[in-house]
Amino acid sequence: MIYINILALLAGFYIAFVIGANDAANALGTSFGARILPYKRLTILFGFFVLSGTLIAYRVGNTMHLLTNGNPIPPLLIAGIIITIITYKGLPISTHQVIVCALVGLNFSSADLKLFSKIVGSWIVSPILSGAIAFILYRTLESLRIPVLERERLLRYGLLLSGGIVAFNLGANDLPTALGSVTNNTNMFLIGGFFLWMGALILGREVSKTVGREIIELSLLGAFVAQLSTGIAVFIFTNFGMPVSTTQAIIGGVVGVGLTKGIKTANWNTLKKIMLGWILAPACALVIGYMLFKF
Amino acid sequence: MSIFVFKRKPEKEVMNLLKRHISLSIEGIKVFKEYIENKNENLLNTIIKLEKEGDKIRRKLIFNLYSAFLPSMRRELNYAIELLDEVLDSVRHGALVYELMEFEIEENIKEKAFLILDISSNMLINLKSLLEVFEEGGDFEKPMKDIKIGEEKIDDIYHEIYKYMVNIKIDSFWKGKLICDFIDRITAISDYIEDVADEFQIIYIR
């Protein structure tokens, strides 16, 4: 039994490492792109916020623990493989959904489907909430007509703060989604947070560079608002113990900012493709998991 | 009032240097006008000195810029600094061309040249107001609109001068060329000011 738990933990830590490599850009991309601090210094700040987030990771961890009480190893291994493919291919698919759906599919008989439906509801609401916050926040900031120099300072410090909140959520929400089915121990979450941090430090730089370069070409204020809204929206769900995706929320935030300039500014075809991915990826994970469970 | 307790020094320094450069340009135009009235070598030397001082400020600005603003603003600011330096360059070139004009310029052309320089000077004052909006907030549209109106007025005057010039008798090729160069130089000043304002507008909108 102890070997099974160790194997499950290792799979969870691997997923944490990959989340760090992949999702660190959600927190660091803007600050790195704006060259506010060098990448290594940014990761120190990132690590601090991630580890702080792990201190309340038990909330989402508890939900994940209640979701199923079956064997967590197969779903974590499947999720690990899928997440590696997602990261390699650079697809905008939520790792959260894959983990949760693989877990439910493989332990269908013991899964709490009522709780699962609540989680699915959170996935729908979280990007909408993030978008709404971004829309209101961006409109408010625009109406304040902040002088250029003030705006410059706001962005310099604000990007670090919003990135910090997103990093906090990675420790408080993303991490327990990967580890919550195995353990709900804060010390384990702290170790997982360390792996997540290492993922960002060792492999996160290139993703952050790409994201940062793209953001620099866009409005920095818009990027800041989208990131801050994501941080706030995910934090709200974290407090309710709901595992929601930062990637989904950030897309909601970007759309929210875009909608302040009119509905035509959003690229609906791209959005449709992203949303299709959000439906298909968890559906596939759920069906494959269920089929494996049946056999 | 600032929403931040601590103001960052590098950005403030860049703003102050930009304002200093604009003040030098205003001073340059004033001395240039005096030089057109009274062809005194000391005045020409003052213009050359002002241009050199402007060039020093430009170099300092470019150097300071990279420790100040976020990269998203640097491209436009860098370009604006280069364009602003062209204002003093045009003043100096205009004065040097005028030095070569050993004949008396037509009174009508002279009057219009003064008018162009006065409008350009006002445009520079409005450019300074744009920088104040950057620092303290306020109405960006009004000074921006005034700069555009100033540029349009100068364009009209430029065409009026050329309409007038095509009907005057020119004794030699060099006389005609020098008058044309002189007019082109002083009208170029407002073009550069408008271009600087356009760069500021991009920063403001972003």
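1. Starting with C284(A): this cysteine comes out as partly exposed, at 43% relative accessibility. C101(A), by contrast, sits at 2% and counts as buried. C284(A) is in no disulfide, and the nearest cysteine sulfur, that of C101(A), is 10 Å away. A disulfide here is a pair of cysteine sulfur atoms within 2.5 Å, and a search of the whole structure turns up zero of them over all chains.

2. Some housekeeping before going on. This is a predicted model, where local features need pLDDT of at least 70, side-chain atom pairs count only at pLDDT 80 or more, and totals for chains, interfaces and linings use all residues. Residues are numbered from 1 along each chain as its sequence is written, chains are lettered from A and ligands numbered from 1 in the order in which they are written, and side-chain values use heavy atoms, with hydrogens and water left out.

3. On to salt bridges, meaning a side-chain nitrogen of Lys or Arg within 4 Å of a carboxyl oxygen of Asp or Glu. Helices are DSSP runs (H or I, at least four residues), strands are E runs of at least two, and both are numbered from the N terminus. Both E150(A) and R153(A) are buried.

4. Which two side chains meet in a salt bridge at 3.3 Å? They are R156(A) and E11(B), again taken N to O. R156(A) lies in α7 of chain A and E11(B) in α1 of chain B, so this pair joins two chains. R156(A) is buried, and E11(B) is too.

5. Within chain B, take E51(B) and R92(B): their closest N and O atoms are 3.8 Å apart, and they form a salt bridge. This one links distant parts of the chain, with E51(B) in helix α2 (residues 41-65) and R92(B) in helix α3 (residues 71-100), 41 residues apart. E51(B) counts as buried at 10% relative accessibility, whereas R92(B) is partly exposed at 23%. There is also a network in which salt bridges that share partners join D55(B), R58(B), R59(B), E82(B) and D85(B).

6. Now the surface of chain B. E27(B), E34(B), E37(B), E107(B) and E111(B) form a negative patch. Patches take residues with over 30% relative accessible area and no salt bridge, joining like charges within 9 Å and nonpolar side chains (Val, Leu, Ile, Met, Phe, Trp, Tyr) within 5 Å. Helices α1 (9-37) and α4 (107-136) of chain B each supply at least two residues, and α1(B) gives the most, with three. E37(B) lies in that α1 helix and is exposed, with a relative accessible area of 56%.

7. Last, chain A has a nonpolar surface patch of about 360 Å², made by Y3(A), I6(A) and L10(A). Areas come from the Shrake-Rupley method with a 1.4 Å probe. I6(A) is found in helix α1 of chain A (residues 2-33), and is partly exposed at 43% relative accessible area.

Terms used:
Lys and Arg count as positive and Asp and Glu as negative; His and the chain ends are not counted. The place of a charge is taken as NZ of Lys, CZ of Arg, CG of Asp or CD of Glu. Buried means under 20% relative accessible area, exposed over 50%, partly exposed in between (1.4 Å probe, protein chains only).
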